[in-house]
Amino acid sequence: MDEKRKATLIGSVAVILWAMLALFTTEVADIPPFQLVSLCFGIASIFSALWITFRGGDVVRALRQPLGAWALGVAGLFGYHFFYFVALANAPAVEASLIAYLWPLLIVLFSTLLPGERLKWQHIGGAVLGLFGAVLLVGKGQALTFDPAFALGYGAAIVCSLLWSGYSVVNRRYRNVPVGAVCGFCAGAAILGLVTHGMIEDWVTPNARQWLAILGLGLGPVGAAFFVWDHGTKHGDIQILGVLAYGAPLLSTCLLIAFGKAIATPAIIAGCILIVGGAILASASLKSPKDKHQLPVE
C-alpha cells in the first residue's frame with residue numbers, strides 16, 4: 001500500500017471517531033458547551049503529551065512550530081466549535097447543523113487550489129450524494145425552512161463550515177509539521193474554551209457517569225480524531241477524505257439506533273444509502289491507475 005492510500009485510511013479513522021460524538025454527548029447534555037470543549041481538549045492535550053513522551057519523543061520539540069501552523073491549528077480546532085455553538089444558540093439546530101456540515105463538500109471543492117491536485121467527476125458526484133444523504137439524516141426527512149430572523153445563526157454556521165474546510169485544506173501547506181504538534185493546538189483550544197466558559201457560562205460539576213463520557217470524548221472524537229485527521233489531510237487524498245466525512249452522520253445515526261436513541265425511518269435509510277453510494281463513487285478513483293475524467297485545474 002502506497003503512503004497516500006495509507007494516510008487516507010488513517011485520516012478516515014477520524015470519521016469513525018466523530019461518529020461517536022452524538023452518542024457521548026447525550027450523556028453530557030447539561031454540561032455547558034464551552035466548559036465541555038475546554039475539558040475535552042484539555043484531556044486530549046494531556047494524554048497526547050503522555051503518549052509522545054511514552055514513545056520517546058520530545059513534547060517541547062513537537063510544539064516548536066511556525067506561528068502560522070499554530071494560528072491555523074488553534075483557529076481550526078477552537079474556531080469551528082466556537083462558531084458552531086454560536087450557530088446553535090441563534091438558529092434552529094437542524095438548519096444550523098446542515099449549513100455547518102457543508103464543510104466536506106467545501107473540502108472537495110477547495111482542494112483544487114492545492115498544488116498537484118485534480119478534481120475528478122467521481123469526487124463531485126460522491127460529495128453531492130453525501131450532502132443529500134446528510135440532509136435526510138440530519139433533517140429526518142422533514143421540510144427545511146430558513147427564516148431570515150435567524151441570520152446570525154446561519155452566518156455563524158457558514159463561518160463554521162468555512163473554518164473547518166479551510167483548515168483541512170490549508171493544513172497541507174504544513175505537511176512537514178509533525179502530528180505531535182496537535183497536542184499544543186488542543187491545549188490552545190482548551191485554554192480558549194476555558195476563557196470563553198468563564199465569560200458566558202456557569203460551571204456545572206459533572207457526575208461520575210459524565211466524567212467517563214467526557215474522558216471518552218477527550219480520548220476519541222475530541223482527541224485522537226484530530227491527530228489522525230491531521231495526518232490524513234497532510235499526506236492522504238484530501239478529496240476522498242472530504243467525501244468520506246459524510247460517513248460521520250451515517251455511522252452516528254446507526255449508533256444512536258443501535259442504542260435505542262433513534263428510530264430507523266425511511267428517510268434515514270435513504271440517507272444512509274445515498275452516503276454509502278457517494279463514498280463508493282468517490283473512492284473508486286483510488287482503484288483507477290489512470291487520471292480519466294479529470295477536470296483540469298486552472
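What volume does the second largest pocket have? About 370 Å³. Keep in mind that this is a predicted model.

Let's stay with that pocket. Its lining has 16 residues, and the closest to its centre are Ser 48, Trp 51, Ile 52, Val 179 and Phe 227. Two helices, α3 and α11, each supply at least two residues of this lining. The most comes from α11, with six residues. By class, the lining splits into eleven nonpolar, four polar and one charged.

Now the largest pocket. Its volume is about 1,400 Å³. Here 41 residues form the lining, and Leu 21, Ala 22, Thr 25, Tyr 84 and Ser 97 are the closest to the centre. Several elements give two or more residues each, among them α2 (21-25), α6 (93-100) and α13 (247-258). The largest share is from α5, at seven residues.

Two elements give two or more residues to its lining: α5 (67-90) and α11 (208-235). The top contributor is α5, with three residues. Six lining residues are nonpolar, two polar and two charged. Asp 230 and Lys 234 are both in that lining, and so are Tyr 167 and Tyr 174.

For the second largest pocket, look to α11.

Conventions:
Residues are numbered from 1 along each chain as its sequence is written. This is a predicted model: local features need pLDDT of at least 70, side-chain atom pairs count only at pLDDT 80 or more; totals for chains, interfaces and linings use all residues. Side-chain values use heavy atoms; hydrogens and water are left out. On a 1 Å grid over the protein atoms alone, a cavity is a set of points where a 1.4 Å probe fits but cannot get out, and a pocket is an open set with protein on both sides within 12 Å along at least five of seven lines; lining residues have an atom within 4 Å of a point. Helices (H or I, at least four residues) and strands (E, at least two) are DSSP runs, numbered from the N terminus. Ala, Val, Leu, Ile, Met, Phe, Trp, Tyr, Cys and Pro count as nonpolar, Asp, Glu, Lys and Arg as charged, and the others, Gly among them, as polar. Grid points are joined across faces, edges and corners, and a volume is the space filled by probe spheres set on the points.
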